[in-house]
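Hello,

Here is the structure I said I would hand over. My notes on it follow below the display.

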2 protein chains.
Amino acid sequence: MQVYLIRHGLAGESGSYANDDERPLTKEGRKKARTCAQRLNALGIAFELILTSPLVRARQTAEILKEEGLSPALEVFAPLAPGGSLASWLEWLSNWSQQPLALVGHNPDLSDWAETLVWGEARGVIVLKKTGLICLELPEAEPPVGRSLLTVLLPPKLLAS
Amino acid sequence: MQVYLIRHGLAGESGSYANDDERPLTKEGRKKARTCAQRLNALGIAFELILTSPLVRARQTAEILKEEGLSPALEVFAPLAPGGSLASWLEWLSNWSQQPLALVGHNPDLSDWAETLVWGEARGVIVLKKTGLICLELPEAEPPVGRSLLTVLLPPKLLAS
């Protein structure tokens, strides 16, 4: 099971919005997300479904990925909000079989989830930049925590240049 | 200290050569290594020095990287041969301060070295394909084993497409 973890793009500064959930991507953030999405598309990457955090900056990033043809489907998934639950997503995943799947969310959650899936615990050793991407290969026949493989870690500078 | 670990390209089949050390890259392997090198160059990646395993398939890969302008210097480094010694390289590194540095070698050694530097031990969880690339950020003020960061894991299909 191939799963891509994608961090949202550059968003407005925290202080400028009363509700952090509503912070949108900046103009530069939208542009970079679109350039990255176009490059991923050119590289032949595509998803069956994108699950996104409900926060505006993540939803906007996910919508750009969908607009650029990377996925036919996009759903908001509450456990992808900051501080969300890997266990909730793994429960959801136990009823899902299509791949590749993409998750759009926040850090440190996404890199923590990746490290937990690969090594069994999170230590903050995977550097995932905004608009960056991780790809994992999850085993299908056994629980994925501590049994998954890391196949891609792609900072946006290697996509958007 | 930024260090790139690059696996050699596709080489001839093991059975065809009396001495495994002499197996050269195939025509396809040379072509793919050159395409990857050109793309890395276009992305602005460059090294101060390439250290390569003495085996032909690694040396040829390293020479292609140098020919494509990725590094002004290339040296053969015996501990990068298969089954080589991370400790020997770390000892060499303690007298080296220029970055980025690139190592061209073999698997599972390179992904084992990366995992040891990042996680403290190798568990076979980082998938490094032929002509693929890992980038690590090593701390400068303390021993790097178990204290390094993983910043890039790039399979060739995301470079050579």
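Some conventions before the rest. This is a predicted model, in which local features need pLDDT of at least 70 and side-chain atom pairs count only at pLDDT 80 or more, while totals for chains, interfaces and linings use all residues. Residues are numbered from 1 along each chain as its sequence is written, chains are lettered from A and ligands numbered from 1 in the order in which they are written, and side-chain values use heavy atoms, with hydrogens and water left out.

The interface

Between the chains, 22 residues of chain B are in contact with 24 residues of chain A, where contact means heavy atoms within 4.5 Å. Of the interface residues of chain B, 100% are also interface residues in chain A, so the copies meet through the same surface. The buried area between the two is about 2,300 Å², and carbon and sulfur atoms give 65% of it; the term stands for the accessible area (1.4 Å probe) that two parts lose on being put together, summed over both. B:W119, B:V125 and B:L158 supply 32% of the area that chain B buries against chain A, more than any other three residues. How many salt bridges (a side-chain nitrogen of Lys or Arg within 4 Å of a carboxyl oxygen of Asp or Glu) are there between chain B and chain A? The count is 0.

Helix packing

Helices (H or I, at least four residues) and strands (E, at least two) are DSSP runs, numbered from the N terminus. Axes are lines fitted to C-alpha atoms, for helices over the stretch in contact, with angles from 0 to 180 degrees between N-to-C directions.

In chain A, the axes of α3 (residues 86–93) and α4 (residues 109–119) come within 11 Å and cross at roughly 65°. On the α3(A) side the contact is made by A:L86, A:W89 and A:L90, and on the α4(A) side by A:W113, A:T116 and A:L117. By class this contact has 5 nonpolar, 1 polar and no charged residues. Here Ala, Val, Leu, Ile, Met, Phe, Trp, Tyr, Cys and Pro count as nonpolar, Asp, Glu, Lys and Arg as charged, and the others, Gly among them, as polar.

In chain B, α1 (residues 27–42) and α2 (residues 56–67) have axes that come within 9 Å and cross at roughly 35°. This crossing of α1(B) and α2(B) is right-handed. B:R30, B:A33, B:R34 and B:A37 of α1(B) meet B:I64, B:L65 and B:E67 of α2(B). The residues of this contact divide into 4 nonpolar, no polar and 3 charged.

Backbone

Most residues other than glycine have a negative phi, and most peptide bonds are trans. The bond from A:N107 to A:P108 is cis, with omega near 10°; A:P108 lies in the loop between β4 (101–105) and α4 of chain A. In chain B, the bond from B:Q99 to B:P100 is cis, with omega near -5°, and B:P100 is in the loop between α3 (86–93) and β4 (101–105). A:T131, in the loop between α4 and β5 (133–137) of chain A, has a positive phi, near 70°.

Regards

Conventions
Left-handed = near helix turned anticlockwise from the far one by under 90°.
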